[in-house]
Amino acid sequence: MAAHRRPKQRTLGGTAARTALTVALAGAATGTLYEGAGHAEPGATPEQLRAKADTLYREAEEATERYNGAKEAAAGARTALDGLRDEAARRTERLNASRNALGSIATAQYRAGGLDPAVQLALSSDPDAYLAGAEFTERAGARQAATLAGIRKQSRELAQLRSEAVGTLDELTARQEELARHRTAVREKLAAARSVLARMTPAEQAGYASQDGTAPGRADRDTARGDAPGGTADAPNPRAAQAIAYAYGALGSPYVWGATGPSAYDCSGLTQAAWRSAGVALPRTTYTQIDAGRRVPRSQLAPGDLVFFYSGISHVGLYIGNGQMIHAPRPGAPVRVAPIDQMPFAGATRVV
């Protein structure tokens, strides 16, 4: 770490703490990233091709959520590292100021006829060894002893900060490597899925594209402003109503893995953005969003609830009532309305 780094006028934030759960969950799932990326067998039927494409897109989404978690963890480590470096720079300036003050004392004492042992201690490259050998603490003046004690304390704290920064830099490097692995996995899965889709006829491709729900239209967006079932009028509170209204406004937006809006989304990016518009901060990934509120059974779903799918909690949508949700399905399928029973239901969470 460069000791001459100029400090920023801000204090060390608490963002690093929020990375721990994300890092643990993202790391725990790494082992299965590269399995199942094979292509469909030659001569496969349309049903087999659709099933293979479904599997590849689901695996791509699982890898996307791990990518999102690793990205959030890397951002947290970067923020923590910057904060440690800034704090170290500030403490270095204070330590240098204290040493300069003792230097002034040394100059005055030299002119007066000698160098005080306390000043020799402060200017020594090994203060602890000097103290052990000289055993003159009792002879140091009260003011100089206090200054020396302050310098030693500042030196220890600065060394600790630098040590923490080294550890945080190591963590950041590990998270960046993890991020690269997940990014590669997503791209490989999506490339394999596109290869499978390319073997379908245009009619089969069109049918596959429409299977994830209803295509968005003007009527869908108008529903959010009206009293029809599934609109914001059915929401249990104003914040849920705002989240639903946002999701309706996002209908038709493309799915882009890793995106959180406002022009494109992945599944957890859409739910995060919708609730953010209502003043609620959700975590980034599906497997952390499911713990961002109170679990509710399927029989008690209310508009605004988050609904999760698959055993790995790899997909999420925003429930809007009447068994319907708004979600970002996958690449090639824009944000749309869909029934919640089209995928294996894994659980639901009520945010507020």
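Nine salt bridges are present in the structure, a salt bridge being a side-chain nitrogen of Lys or Arg within 4 Å of a carboxyl oxygen of Asp or Glu. The model is predicted, so local features need pLDDT of at least 70 and side-chain atom pairs count only at pLDDT 80 or more, while totals for chains, interfaces and linings use all residues. Residues are numbered from 1 along each chain as its sequence is written, and side-chain values use heavy atoms, with hydrogens and water left out.

**Stop 1: Glu87, Arg90 and Arg91**

Select Glu87, Arg90 and Arg91, which a network of salt bridges links. Between Glu87 and Arg90, the closest N and O atoms lie 2.7 Å apart. These two residues are separated by about one helical turn, because they are three residues apart in helix H2. Helices (H or I, at least four residues) and strands (E, at least two) are DSSP runs, numbered from the N terminus. The salt bridge of Arg91 with Glu87 has its closest N and O atoms 3.0 Å apart. Here the spacing is four residues in helix H2, which again means a separation of about one helical turn.

Buried means under 20% relative accessible area, exposed over 50%, and partly exposed in between (1.4 Å probe, protein chains only). Glu87 counts as buried at 16%, and Arg90 counts as buried at 13%. Arg91, at 23%, is partly exposed.

**Stop 2: Asp54**

Remain in helix H2 (residues 46–111), where Asp54 is found. Asp54 is partly exposed, with a relative accessible area of 31%. Apart from residues up to four places away in sequence, Asp54 touches Tyr208 and Gln211; contact means heavy atoms within 4.5 Å. Display the side chains of Asp54 and Tyr208 to see their polar contact at 2.7 Å. A polar contact is a pair of N or O atoms within 3.5 Å; within protein, one must be able to donate a hydrogen and the other to accept it, and residues adjacent in sequence count only if both atoms are side-chain atoms.

**Stop 3: the nonpolar cores**

A nonpolar core is a set of buried Ala, Val, Leu, Ile, Met, Phe, Trp, Tyr and Cys residues joined through side-chain atoms within 4.5 Å. The largest has 31 residues, of which Leu270, Trp275, Leu306, Leu318, Ile326 and Val335 touch the most other members. Select helix H8 (238–249), helix H9 (267–276), strand S2 (306–309) and strand S3 (315–321), each of which supplies at least two residues of this core. The largest share, six residues, comes from H8. A second, separate core of 16 residues includes Leu49, Ala53, Met200 and Tyr208.

**Stop 4: Thr349**

Move to strand S6 (residues 345–350), which contains Thr349. Thr349 is buried, with a relative accessible area of 0%. Its side chain reaches the backbone oxygen of Ile290 at 2.6 Å. Beyond its neighbours within four places in sequence, Thr349 has contacts that include Gln289, Ile290, Arg295, Leu306 and Phe308.

**Stop 5: Asp291 and Arg295**

Finally, select Asp291 and Arg295, whose side chains meet in a salt bridge at 3.0 Å, N to O. Asp291 is exposed, with a relative accessible area of 52%, whereas Arg295 is partly exposed at 48%.
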